[in-house]
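User: I would like to go through this structure with you. Could we start with the overall layout and then turn to details?
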Amino acid sequence: MNSVTPIADQKKVGMVSLGCPKALVDSERILTRLRADGYAMSPDYAGADVVLVNTCGFLDSAKEESLAAIGEAIAENGRVIVTGCMGDEADAIRAAHPQVLAITGAHQYEDVVAAVHEAAPPTQGPFIDLIPQPDVKLTPRHYSYLKISEGCNHSCAFCIIPQLRGKLASRRIDAVLREAEKLVVSGTKELLVISQDTSAYGVDTRHDVRQWKGRAVRAHMTDLARELGQLRTPAGETPWTRLHYVYPYPHVDSVIPLMAEGLLTPYLDIPFQHASPSVLKRMKRPANEAKVLERLKKWRNICPDIAVRSSFVVGFPGETEEDFRYLLAWLEDAQLDRVGAFRFEPVEGAAANALPDPVPEPVKEERYARLMEVTARISAAKLAAKIGRTLPVIIDEVGAPDEDNDIGATGRSQADAPEIDGNVFLRNVPASLAQGDIVQARVEDADAHDLYGVIA
Ligand code: SF4
């Protein structure tokens, strides 16, 4: 919590943060910067001198949600600044909400901070600026997103991220490691490494070398993973570290032994998007998926507990029933642990919109349902195989005692990333259990997505 002594007329900023974890990290950075400038955070609209809405502009549905959030902030407070991905569509925002005070795009930290200064000039208390403050975090204290780069060098046909966020721009590895260390020292038990393409980290800087703890480290995914595996919490434990948005380039093989050694969480989030070679080609996907099944097998031999999560798009233009069946058969072989699926939706400005042979909506729906059925069955079987095992579980939430004085808790195993994967529901936990504790839990039951158990 903020330890600054409040001063009477300190200006307060409210924040509505929409979109993906990367946008959440942007919100944290903006708020950290604003707090350093002497602002306080307001938990509600009423107490805020100005409200920031960090928007998502990826899909049409996200844009609608962003416009609705801006409308709500205007109705509730009236003084609204818009930032984030949808900020690139200032005309559309102004057409819907002419009252907004300012609009800035994604990563324009300086601009958004300047807009806040103009809308609600800060009350400078000299002592505020002198007190070192922890960074503002919008996730619970026990897990943190660690953003290693911005932008993307690929040009997948359905995606406008490169237009919105530009080419790959990697952060210095010493800066990333310093941030990770700081987070772990201040209570983070789980680091979630995010970017648009984690495997490509450092390609733009030619993997530049920096000094870290007396060692030369490259801006490269394998060096990053190895160094993150050296971090320890104040209690001397290895924090959980998950790699997200990993493309299966060959060097991914070299991080699997770190998972087997317990230095890296045995979890890989690989956005395959499809399996049919012809669909992948039309999607202009960067990776060659042909050898992936073989590699999955190899990874599981090295680290049997590795959980692989992925996402898929069904109904991409030109996807035939044969392509779709190829995908289903591939999923049966791949036996992925966690799968998210999306029905293809055209995104304004994406190359895929010009492709012929759109898949009719009812066909998309039907394929989506078939895919979910297959992946739910695979997931249920994989989770059922965990019944009787004892697994480490990180606690996200501890409930209140029920009428029998039984306290329940919700946590996650190493196979579950927050927000996107399943949960482990624990019964009969001690009242002393706290958010962020990592306990050994015995699994008693499972369904298609979650596990149920007790502390061992
Ligand atoms: S890899 Fe493809 S889908 Fe991912 S951000 Fe880059 S262009 Fe978009």
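This is a predicted model: local features need pLDDT of at least 70, side-chain atom pairs count only at pLDDT 80 or more; totals for chains, interfaces and linings use all residues.

User: Which domains does the assignment give?
Analyst: The assignment gives domain 1 (12-130), domain 2 (143-384) and domain 3 (390-455). Such bounds come from an automatic or database domain assignment.

User: How far apart do domain 1 and domain 2 lie, and how many residues are in contact?
Analyst: Their C-alpha centres are 29 Å apart. In domain 1, 11 residues are in contact with nine residues of domain 2; contact means that the C-beta atoms of two residues, placed from the backbone, lie within 7 Å.

User: Which helix gives the most to the side of domain 1 that touches domain 2?
Analyst: Helix H1 (residues 21-36) does, with four residues. Helices (H or I, at least four residues) and strands (E, at least two) are DSSP runs, numbered from the N terminus.

User: And what is that side of domain 1 made of, by class?
Analyst: There are seven nonpolar, one polar and three charged residues on the side of domain 1 that touches domain 2. Ala, Val, Leu, Ile, Met, Phe, Trp, Tyr, Cys and Pro count as nonpolar, Asp, Glu, Lys and Arg as charged, and the others, Gly among them, as polar.

User: How many bridges join S1 to S3?
Analyst: Strand S1 (residues 12-17) is joined to S3 by five bridges. Met-15 has Leu-52 in S3 opposite.

User: Is Asn-54 buried or exposed?
Analyst: Asn-54, found in strand S3 (residues 50-55), is buried because 27 other C-beta atoms lie within 10 Å. The cut-offs are 20 or more other C-beta atoms within 10 Å for buried, 12 or fewer for exposed, and partly exposed in between, with C-beta atoms placed from the backbone.

User: What does Asn-54 touch?
Analyst: Leaving aside neighbours within four places in sequence, the contacts of Asn-54 include Met-15, Ser-27, Thr-83 and Gly-84. The C-alpha atoms of Asn-54 and Ser-27 are separated by 6.8 Å, although the two are 27 residues apart along the chain.

User: What about the barrel: which strands does it run through?
Analyst: The closed barrel has five strands, S16-S17-S18-S20-S19, with mixed pairing. Its neighbouring strands are turned by 50 degrees against each other on average, direction ignored. Strand S19 (residues 438-446) and strand S20 (residues 451-455) pair in the antiparallel sense over five bridges.

User: Why is H8 described as largely enclosed?
Analyst: Helix H8 (residues 221-228) is largely enclosed by the rest of the structure because six of its eight residues are buried. Among the elements its buried residues pack against are helix H7 (173-185), S10 and S11.

User: How do S10 and S11 pair?
Analyst: Strand S10 (residues 209-212) and strand S11 (residues 215-218) are antiparallel, with four bridges. They form a hairpin with two residues between them, and Lys-213 in the turn has a positive phi of about 55 degrees.

User: Lastly, which residues come nearest to the ligand?
Analyst: Of the 10 residues around the ligand, the nearest are Cys-152, Cys-156, Cys-159, Ile-161 and Gln-196; a residue counts as near a molecule or strand if its C-beta atom, placed from the backbone, lies within 6 Å of it. The shell divides into six nonpolar, three polar and one charged.

Technical notes:
Residues are numbered from 1 along each chain as its sequence is written. Two strands pair if DSSP finds at least two bridges between them. Axes are lines fitted to C-alpha atoms, for helices over the stretch in contact, and angles run from 0 to 180 degrees between N-to-C directions.
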